[in-house]
Amino acid sequence: MKECGLALGGGAVLGAAHVGVLQAVEEIGVPVGFISGTSIGAFIAALYAFGKTAGEIRDIALALDWLDLSGLSLSQYGLLSNRKFGKIVTDLLGRKNIEDAALPLVIVSTDISTGCKVVFARGDVASAVMASSCIPGLFRPIQHDGKLLVDGVLVENVPVSSLKEIGAEKIICVDLLGKHLYREPQHIVGVLLNAFYSAIASATSVQLAGADLCITPDLSGFNLIDTSQIAEIIPRGYNAALPLLAAWKG
């Protein structure tokens, strides 16, 4: 079986399901030769591309606190800064460039000044992850190369086309939002996240059309914020992925 590409979509804390998908990928022995990520998918993809196993990423995910990824920012552009997210990436991987990854890696962000897609295939991986996961209105945009960059879900929530651009011929993608149910928010962060992700859900279906296999875990019982759900979300990704990957590999 030829190497395939794996595209990991955005979805805040629901991104823990990606860890379960990676566990299934390793168990089935699917030959992943390329990987891409948007938002929380960029974080998981970066760790995997630089050699972290699914088990190691699981331990990292269980230790994360959503609020630890943000710091108060007195900025006209956002309520918080996700600079701590970048520090976590650097602490885990060291100061690395994307082009040094063991697997070819691309990370998707959005230029909020133009609405254009910005694809990171080179440069500092921590900066790329910060930009890709920078939810507008919540987090202050990342300044990079003369651009103001925010979350990549605005332009490509599940980065399938970005994998094709680096040579992946067969693509597996993971859509975290396809079966997600939105609930009444309890605070401003919940309001912003619900508004943000519900707005991009319809565009995601178009992006999925370019994939050969789409894994959509049932995450309807979980919200976008509460990190105490992570231990329960991970098996949802695994259980959704395992039979699909086994049948797909043949």
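Trainee: Which helix does Glu165 lie in?

Mentor: Glu165 lies in helix H7, which covers residues 160–165. Keep in mind that this is a predicted model.

Trainee: Why is Glu165 called exposed?

Mentor: Exposed means over 50% relative accessible area. Glu165 has a relative accessible area of 55%, so it counts as exposed.

Trainee: What does Glu165 touch, leaving out residues up to four places away in sequence?

Mentor: Glu165 touches Lys117 and Val119. There is also a distance to look at: the C-alpha atoms of Glu165 and Val106 are separated by 9.5 Å, and these two residues are 59 apart along the chain.

Trainee: How do you know whether Gln229 is buried or exposed?

Mentor: Buried means under 20% relative accessible area. Gln229 has 8% relative accessibility, so it counts as buried. You can find Gln229 in the loop between strand E11 (213–215) and helix H9 (230–249). Beyond its neighbours within four places in sequence, Gln229 is in contact with Val13, Gly221, Phe222 and Asn223.

Trainee: What is there to say about the protein chain as a whole?  How many helices and strands are there?

Mentor: The protein chain has nine helices and eleven strands. It has 250 residues, and 55% of them count as buried. Its accessible surface comes to about 10,300 Å², and 53% of that belongs to carbon and sulfur atoms. Among the contacts with a separation of 6 or more, 76% are made by residues 24 or more positions apart.

Trainee: What is the mean pLDDT of the protein chain?

Mentor: The mean pLDDT is 86, and 82% of the residues reach 70 or more. Over residues 69–79, however, the pLDDT is below 50, although this stretch has 35 contacts in the model beyond near neighbours in sequence. Where pLDDT is low, the predicted coordinates should not be read in detail.

Trainee: Let's turn to the strands. Why is strand E1 described as largely enclosed by the rest of the structure?

Mentor: E1 covers residues 4–8, and five of its five residues are buried, so the rest of the structure largely encloses this strand. Both faces take part: Cys4, Leu6 and Leu8 point one way, Gly5 and Ala7 point the other way, and all are buried.

Trainee: What makes E1 and strand E2 a pair?

Mentor: Two strands pair if there are at least two bridges between them. Five bridges join E1 to E2 (residues 32–38), so by that cut-off they pair. The two strands run parallel, and Ala7 stands opposite Ser36 in E2. E1 is also joined by four bridges to strand E10 (residues 171–174), again running parallel. In E10, Ile171 is the bridge partner of Gly5.

Trainee: Which elements make the right-handed β-α-β unit?

Mentor: That unit is made by E1, helix H1 (residues 16–28) and E2.

Trainee: Where does Ala12 lie, and what is its phi?

Mentor: Ala12 lies in the loop between E1 and H1. Its phi is positive, about 55°, although Ala12 is not a glycine. Most residues other than glycine have a negative phi. With a relative accessible area of 4%, Ala12 falls under the 20% cut-off, so it is buried.

Trainee: And why is Asp145 called exposed?

Mentor: Asp145 has a relative accessible area of 64%, which is over the 50% cut-off, so it is exposed. Asp145 lies in the loop between strand E8 (142–144) and strand E9 (147–151). Its phi is positive too, about 50°, although Asp145 is not a glycine.

Trainee: How do you know that helix H2 is mostly covered?

Mentor: H2 covers residues 40–49, and ten of its ten residues are buried. Among them are Ile40, Phe43, Ile44 and Tyr48. After H2 comes Gly51, with a positive phi near 100°.

Trainee: Which residues have the most contacts inside the largest nonpolar core?

Mentor: They are Ile35, Phe43, Leu105, Ile107, Val125 and Leu245, in a core of 71 residues. H2 gives the most to this core, with nine residues. Apart from this core lies another, of ten residues, including Val158 and Cys173.

Trainee: What is Phe43 in contact with, leaving aside neighbours within four places in sequence?

Mentor: Phe43 is in contact with Ile60, Leu64, Phe85, Ile88, Val89, Leu92 and Val129.

Terms used
Residues are numbered from 1 along each chain as its sequence is written. This is a predicted model: local features need pLDDT of at least 70, side-chain atom pairs count only at pLDDT 80 or more; totals for chains, interfaces and linings use all residues. Side-chain values use heavy atoms; hydrogens and water are left out. Buried means under 20% relative accessible area, exposed over 50%, partly exposed in between (1.4 Å probe, protein chains only). Contact means heavy atoms within 4.5 Å. Accessible areas come from the Shrake-Rupley method with a 1.4 Å probe; for residues, only the protein chains shown count as cover. pLDDT is the predictor's confidence in each residue, from 0 to 100. A crossover is right-handed if, with the strands pointing away from the viewer, the path from the first strand over the helix to the second runs clockwise. A nonpolar core is a set of buried Ala, Val, Leu, Ile, Met, Phe, Trp, Tyr and Cys residues joined through side-chain atoms within 4.5 Å.
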